Amino acid sequence: MSNEQQKHFKRYSSVRYFHHSSSNQAIRKAGMGTSGSQAPTQNRTQVSGNQQRRQAYAYGCANLLYEESEIDPIKLKEKKLRYRLSSLRKWEYTKFGRELQQRQIRPPAQSLKFTVLSYNVLAQHLLEEHTYLYRKADPEALDWNSRAERILREVRDNQADVLCLQEVQSDHYETFYVPKLTAMGFTGVFKKRTGDKPDGCAIFFRDSKFELKNSISVEYCKPDVELLDRDNIGLIALLTPRILHSRNSADEDLPFIVVATTHLLYNPRRHDIKLAQLQLLFAELDLIAFNSSKATSKNNNGISYHPTILTGDFNLTPNTSIYDFITRGSLQFKGLSRRQLTPEDRGHVLDKELIPPHLNVTDQCQHLHATERRIPLVGHSSSQLSNGESSVERFSTGQLSHQLQLQSVYPHRLNRLNGANEATTFQNEWVTVDYIFHNGFQFKNPNLQLLSRLGLLAGQELDGLGGLPSLASPSDHLPLVARFLWKYKGL
């Protein structure tokens, strides 16, 4: 026995550290069997029997602590933090998801279960340009090679099928994300931010479950529009089930699901820019998610969309006007301050025009040409768009609206700690700015249903774990994870 083992043996052989086990579990775990000459017999005194058990228990503890002392201290610290983090982040089920998980009901025929992970992974170049933001972080948690492996661990541990990533550094996309995720069975699309920004957004999907039918990159920078002069972007993917694609069906017969991700402007004093960026994104979502095969239904009022999941870092909290716009579908912005989109009597307030009409994006967050094409589908005359009055109502109305019917996967308050706010990152305080939205509540019998979500933490819990990034969580944002069931239409 080594000197280190002898030290631990002496400590744990005392009665103080001995936990009696009538089933001799301590002896068996230490490798000392209970049969033969080593087993205590009825002839031996109780004292000698207890002494042997103490020695066996001490021997096992000595080995365990010796092995633990041989582990890299960084790895050991990481392991402990990961355990604490996983003990706090628990899966939270919807009623339908719980019934399915407990096998009280069976999944519908021709349905697909899948997991979405949305994650601002923290571009390394941004980390290194703003090191002052991470001065309290463990230096070992900031190294790219270590962070990269921990990012992959998030994908593996959460068994994700769709990845929506923000702040993906463009060179790392080629040298790290593509080769590593391809080896794990994923295919991806990427859009770099415009200008000289070296990072962007990426969407990866598991090849065994999905086939990519189309993708759209959305650039929010319009050189001739003052409000749209920032380099943020969005990315949209149109997917179909792999199992149906193998049947060589025509595209118009396939069911589709839309997955989008974005990273909006950070500036907390320019919510008007964020709203304009969303207007462009929602117009593209409306274009790709519009389901023309169901648009003639009277029950849908001429509008129907494929199942849609929108994720990303929106750089806004749940108590803002823009969040209400996303989830409620309308916002009267005229007269609101450009800083926070709140009523103010002074400062810069918005007029009835947010973005200029020449972009041909209506205040209903639709491309003008798309609405013109759809008019015959819903039984109206195309002349309704040609008269001056209708055109005015589509532009410069002072109000934005959309019909995507999006709701958040997360409730934004915990069911513990007296309903404390959920947090996804730290921006002067712990806040939620990352979201997964979906339109699963669009119909009475939704074909996209939320099953469960990986619970978030309160700011005080994140403080207790040492903040972000850490050895347990490689970014300055927490990953959001949600499981869905998609009931697609069978062929």
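What is the volume of the largest pocket? It comes to about 1,200 Å³, where a pocket is, on a 1 Å grid over the protein atoms alone, an open set of points with protein on both sides within 12 Å along at least five of seven lines, and a volume is the space filled by probe spheres set on the points, which are joined across faces, edges and corners.

Before you start, note that this is a predicted model, in which local features need pLDDT of at least 70 and side-chain atom pairs count only at pLDDT 80 or more, while totals for chains, interfaces and linings use all residues. Residues are numbered from 1 along each chain as its sequence is written, and side-chain values use heavy atoms, with hydrogens and water left out.

Stop 1: Select L133, Y134, F426, Q427 and D476, which are the closest to the centre of the largest pocket among the 38 residues that line it; a lining residue has an atom within 4 Å of a point. By class, this lining has 14 nonpolar, 12 polar and 12 charged residues, with Ala, Val, Leu, Ile, Met, Phe, Trp, Tyr, Cys and Pro counted as nonpolar, Asp, Glu, Lys and Arg as charged, and the others, Gly among them, as polar.

**Stop 2: the sheet.** Next, colour the seven strands that form an open sheet of mixed pairing, in the order β1-β16-β17-β2-β3-β5-β4. Strands (E, at least two residues) and helices (H or I, at least four) are DSSP runs, numbered from the N terminus, and two strands pair if DSSP finds at least two bridges between them. At the edges lie β1 (91-93) and β4 (186-192), each of which pairs on one side only. Now select β2 and β17 (residues 480-487), which pair in the antiparallel sense over eight bridges, and find T115, whose bridge partner in β17 is R483.

**Stop 3: a cavity.** A cavity is a set of grid points where a 1.4 Å probe fits but cannot get out, and the count comes to two cavities of 30 Å³ or more.
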